[in-house]
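The sequence and the structure come first, and the text is meant to be read beside them.

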Amino acid sequence: MIKIYISKTLILIALLINVTACMTLQGTDLLIVEKNEAIVGLRDLAPPDRKVSIAVYQFTDQTGQRAPDVVSSFSTAVTQGAGPILIEALTNAGNGKWFRVVERSSIDRILQERQIIRQQRQSFDDNRELEPIIFAGVMIEGGIIGYDSNLKTGGAGARYLGIGIRNQYRVDNVMISLRLISVSTSEVLLTVTTSKTILSASLAGNIFKFFDMGTELLETEVGMTENESVTYAVKEAIETAVYEMIMKGEQQKLWSFKT
């Protein structure tokens, strides 16, 4: 009789592992769809009538949020590299046809290198002049202004005769803000705010069963977890903000499409 119980239990364990491995985490399909549709059209934008020179000084994390942890942690909840992500999004807009991005976060080092070049040329009586630094007509300010965790949590589960399965999920949110500013007048020309949800989901199954008149215990557990990348979510939110900025700028006649 014990062998029969053990054989049945082994079959149940195999089924539990297969079901857990094959089931799709709750919300994963929606997560993939959102990734694919978040920045549709940014690279495929029609070119502008003229290329816009734009400067990015700082685009930082303004939330002050720390990564969730059981113990005290100094890790931040979101990436501190939002500036390079924004520069990449501006550079890639319309396959590089929209913006002429000028470097400003390292302007001190650029000026220092230019001074070294001048000194070296003077030492060798080289009268060649350096090309002038490109000035930007507009600049972007802003940053990551919000990170909210546990906006929505939930799940489902069931247990029968010591055999159970459960599914849990959690939804977080990150928010981005952009301001386009005129360099000549310091006027804020337009503002854009976008957000991106961050999905975490887990699926697990377990067996907790006694055999041989309650003298022997079988316990096993299997599961998996999927967490959407916070950095990737920030990247999508920034690229979506750049896309919306281009569209709002066209509506306000700040620039126009060539076609």
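A salt bridge is counted here when a side-chain nitrogen of Lys or Arg lies within 4 Å of a carboxyl oxygen of Asp or Glu. By this rule the structure, a predicted model, has five salt bridges. Residues are numbered from 1 along each chain as its sequence is written, and side-chain values use heavy atoms, with hydrogens and water left out. Because this is a predicted model, local features need pLDDT of at least 70 and side-chain atom pairs count only at pLDDT 80 or more, whereas totals for chains, interfaces and linings use all residues.

**Charged pairs**

| Salt bridge | Closest N and O atoms |
|---|---|
| Arg128 with Asp126 | 2.8 Å |
| Glu236 with Lys196 | 3.7 Å |
| Glu239 with Lys235 | 2.8 Å |

In what follows, buried means under 20% relative accessible area, exposed over 50% and partly exposed in between, with a 1.4 Å probe and protein chains only. Helices (H or I, at least four residues) and strands (E, at least two) are DSSP runs numbered from the N terminus.

Glu239 and Lys235, by contrast, both lie in helix α5, four residues apart, which is about one turn of the helix. Glu239 counts as buried at 8% relative accessibility, while Lys235 is partly exposed at 25%. In the remaining pair of the table, Arg128 is exposed, with 55% relative accessibility, and Asp126 is partly exposed, with 22%.

**Nonpolar packing**

A nonpolar core is a set of buried Ala, Val, Leu, Ile, Met, Phe, Trp, Tyr and Cys residues joined through side-chain atoms within 4.5 Å. The largest such core has 37 residues, of which Leu86, Leu90, Phe99, Ile140, Ile238 and Val242 touch the most other members. At least two residues of this core come from each of β1 (52-56), α3 (82-92), β4 (138-160), β5 (163-182), β6 (188-211) and α5 (230-251), and α5 gives the most, with nine residues. Apart from this core lies another, of five residues, among them Ala55, Ala136, Met139 and Ile181.

The predictor's confidence in each residue is given as pLDDT, from 0 to 100. The chain has a mean pLDDT of 79, and 79% of its residues reach 70 or more. Among the elements of the chain, β1 has the highest mean pLDDT (91), and helix α2 (residues 28-37) the lowest (46). Over residues 1-6 the pLDDT stays under 50, and the model has two contacts for them beyond four places in sequence. The pLDDT is also below 50 over residues 20-38, a stretch with 35 contacts in the model beyond near neighbours in sequence.

Definitions and conventions
Contact = heavy atoms within 4.5 Å.
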